[in-house]
Amino acid sequence: NNGFLLYRDIINPYPPTLTYLLSFLASIFGYTPIGFKLLTWGLIIFIDMLIFKISSSLFSKKSSYLSLGFFILASIPFGINGLWFELVQTAPILIGVLFLLKYIKNNNTGDLFITYIFFCFAFFIKQQAIWLAPALIAIVVLKNKNNIKDFFKKVWYFPLVLVSHFLMQSLFFLKKDAFGDFIYRTIKFPLEATSIPGYKLLPDTKQLLVVLALMLIPYFNYKKMYFKEKAIFFLALSSILFAYPRFDFFHLIPLVALVSLLIPKTLVNFKNYGSIQKLTLLIVAISLVAFCAKSYANNYEKETRFFEKHLLAQSEQLKKEIGNNKIVFMQNSPDQLLPILKLIPTKPWADDFPWYLEKRKLQNQIAEELANEKPKYVIFQNYAPGSQFTIGSYKPEKVSNFIDQNYHYKETIGNLILKEINEN
């Protein structure tokens, strides 16, 4: 909204759909948390309604309360109260599931096409939705195994949705002279990301056990599942990969939503399980309850993340020092200061992530732009102790050297340091 072009001026590896949507919303609601909170709460309520609807169609209205209750309690520790890409993806994924179940029941290719459209929409929000493709292909192949050739003749036009949408995006950035940046950031970069220093972040043992416990609950009932329920289970298995290659629980919000749909049948059939199965399921349930309880205790009554009172107080002091200067450079400091202080960074703008700054000579571009624009101030935060490519510890050598040579210390405000350009 301030003349920065995505991929060329803003370093971002995700498709443009959500970014431009948020840009539009911010132009209406402003750059404070309230507009984004309203969007987040609206999405959560919509997802709740979808879970209730789908569960009712699978089992009964009474059983759907079990699905909804499980999702509400389990999703909060998985980060649903934050505006993540995965939260936005969950809604179109569930709409796709709703029509997939209709397709399985009625064998109407039109319903499957709607599923495909919404899964494509999820993909154009964030690329990880591609992991749903193998599960969806397996589902339709199993359903049409006796007439697979005829089936593929009916759905020949499906790929046109994906191709046409991609072509529209490509034409847009081609006109903006940023086609190469668009292709690199959204296609090439995600494919090479795992080899970039600091990018891969695998789950530890406790995190793995939480995910395993989540999947074990529906798995106990797998043999008694109808094809509809197995289809959801296949999609849930695929959605585990949403958390690869950088693991965090909020990447698994779609997984929690899909698993919640299968909860009622597991609970209803509990009395039919053997003693070992019952004991295992109880241990799994207790483990998940403990995980959730710990999360609630650690996060209860916390302030809005990124907009805490101490940071807002620091920003007031910073504003007095910066005055009417509109352009600053952020070095290892909280980027939310930009909207809080109504400032803009130099171009290109990138988070201090090694997987951004160690590729495509981006540091050189940033240093050159600093030399050209000569912003009066740099807002700096000391590097934390840690390994070379850890976020917060990572020190981009060329950018840091340029700032050290051309800026001097002015003032410390809380844990932030304000640097001013050398007059000579």
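**A guided walk through the model**

Gln-89 counts as buried because its relative accessibility is 0%, where buried means under 20% relative accessible area, exposed over 50% and partly exposed in between, with a 1.4 Å probe and protein chains only. Before going further, please note that this is a predicted model, in which local features need pLDDT of at least 70 and side-chain atom pairs count only at pLDDT 80 or more, while totals for chains, interfaces and linings use all residues. Residues are numbered from 1 along each chain as its sequence is written, and side-chain values use heavy atoms, with hydrogens and water left out.

Back to Gln-89, which sits in helix 4 (residues 85-106); helices (H or I, at least four residues) and strands (E, at least two) are DSSP runs, numbered from the N terminus. Leaving aside residues up to four places away in sequence, Gln-89 touches Ala-122, Ile-125, Lys-126, Ala-129 and Phe-242, a contact being heavy atoms within 4.5 Å.

Pro-385 counts as exposed because its relative accessibility is 82%. Its C-alpha atom is separated by 36 Å from that of Ser-238, 147 residues apart along the chain.

Next, find helix 17 (residues 362-373), whose 12 residues reach 16 Å from first C-alpha to last, close to the 16 Å expected at 1.5 Å a residue; the expected span is 1.5 Å times one less than the number of residues. Its buried residues are Leu-362, Gln-363, Ile-366, Ala-367 and Leu-370. Seen down the helix axis, these fall within an arc of 135°, so they line one face of helix 17; the arc is taken from the directions from the helix axis to the C-beta atoms. An α-helix has 3.6 residues a turn, so residues three or four places apart point the same way. On the face turned away from the buried side of helix 17 are the exposed residues Glu-368 and Asn-372. Among the elements covering the buried residues are helix 9 (179-192), strand 1 (327-331), helix 16 (354-357) and helix 18 (397-406). Just after helix 17, Lys-374 takes a positive phi of about 50°.

On a 1 Å grid over the protein atoms alone, a cavity is a set of points where a 1.4 Å probe fits but cannot get out, and a pocket is an open set with protein on both sides within 12 Å along at least five of seven lines; lining residues have an atom within 4 Å of a point. The largest cavity holds about 100 Å³ of space, a volume being the space filled by probe spheres set on the points, which are joined across faces, edges and corners.

Finally, visit the second largest pocket, with about 380 Å³ of space. Of its 17 lining residues, Phe-70, Ile-217, Ala-285, Leu-288 and Val-289 are the closest to its centre. Helix 13 gives the largest share of this lining, seven residues. The lining has 17 nonpolar, no polar and no charged residues, with Ala, Val, Leu, Ile, Met, Phe, Trp, Tyr, Cys and Pro counted as nonpolar, Asp, Glu, Lys and Arg as charged, and the others, Gly among them, as polar.
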